[in-house]
Amino acid sequence: MTISTLDKGCALIIVDLQQGIVSMPTVHPISQVIDNSIKLKAAFKHKQLPVFLINVNGKAPGRNQISPTKQKPLANWTELIPELNVSSDDKCISKQTWGAFHNTDLHQQLQDANVTQVIITGLMTSMGVESTARQAHEHGYNVTLVTDAITDTNLDAHNNSCEHIFPKLAECGSTEVLLKKLQLDEHNDSPA
């Protein structure tokens with residue numbers, strides 16, 4: 001897994017770090033996903049690169065084999081976690097499906113910002129993260145997934161995405177590698 005380069009027009013997309021989802025049991029410590037996403041957000045802000053904060057506040061209408069829960073979601077289920085320290089220059093997008101592009105203006109906002117590469121972190125690896133990555137790839141963006149800033153509730157699903165799906169549609173790497181690429185870019189004033 002490697003991140004070969006960063007486009008000048010890159011943006012960070014943080015998927016579903018919201019109250020109702022971070023409270024679910026995950027296969028990796030959720031604190032690591034949050035901490036690494038926050039580090040990346042700070043680095044992108046420092047370089048004046050766009051940050052998109054995604055939350056989900058609905059679900060696709062189609063049927064599936066999983067019985068619907070009768071439990072009412074928490075009142076703050078859709079709220080982004082306070083650790084993200086949402087500011088006025090963050091771009092917040094609410095979605096109704098797993099992927100952040102369907103029936104949202106994310107693609108248009110990325111185009112308006114001249115973005116050619118998206119860096120994705122968040123939850124869940126096999127659902128919101130993978131769906132957003134697939135849609136970004138299908139829209140023609142260069143996609144980078146930060147593997148220590150994503151997790152899932154199911155280890156097999158997480159591993160399947162990371163080992164079999166992501167290499168076909170993205171570059172993958174760690175927070176540390178990405179932060180070094182951003183610093184190198186800053187010192188050279190050219191793509192890393």
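1. Aspartate 90 is buried, with a relative accessible area of 7%. Here buried means under 20% relative accessible area, exposed over 50%, and partly exposed in between, using a 1.4 Å probe and protein chains only. Before going on, please note that this is a predicted model, in which local features need pLDDT of at least 70, side-chain atom pairs count only at pLDDT 80 or more, and totals for chains, interfaces and linings use all residues. Residues are numbered from 1 along each chain as its sequence is written, and side-chain values use heavy atoms, with hydrogens and water left out.

2. Which side chain meets aspartate 90 in a salt bridge of 3.0 Å, N to O? That partner is lysine 41. The pair links distant parts of the chain, 49 residues apart: aspartate 90 lies in the loop between strand S2 (51-56) and strand S3 (91-95), and lysine 41 in helix H2 (residues 30-46). Lysine 41 is buried, as is aspartate 90. For the term itself, a salt bridge is a side-chain nitrogen of Lys or Arg within 4 Å of a carboxyl oxygen of Asp or Glu. Helices (H or I, at least four residues) and strands (E, at least two) are DSSP runs, numbered from the N terminus.

3. Lysine 45 also forms a salt bridge with aspartate 90, at 2.5 Å, N to O. Lysine 45 is in helix H2 and aspartate 90 in the loop between S2 and S3, 45 residues apart.

4. Lysine 45 meets aspartate 89 as well, in a salt bridge of 2.9 Å, N to O. These two are 44 residues apart and again link helix H2 to the loop between S2 and S3. Lysine 45 counts as partly exposed because its relative accessibility is 24%; aspartate 89 is partly exposed at 46%.

5. Taken together, Lys41, Lys45, Asp89 and Asp90 are linked in a network of salt bridges. The structure holds six salt bridges.

6. Now to strand S5 (residues 142-151), which is mostly covered, with seven of its ten residues buried. Strand S4 (residues 117-123) runs parallel to S5, joined by six bridges; strands pair if DSSP finds at least two bridges between them. Between S4 and S5 the chain passes through helix H4 (residues 125-138) in a right-handed β-α-β crossover. Right-handed means that, with the strands pointing away from the viewer, the path from the first strand over the helix to the second runs clockwise.

7. S5 also pairs in the parallel sense with strand S6 (residues 171-173), over three bridges. Leucine 145 stands opposite cysteine 172 in S6. With helix H5 (residues 155-169), S5 and S6 make a right-handed β-α-β unit.
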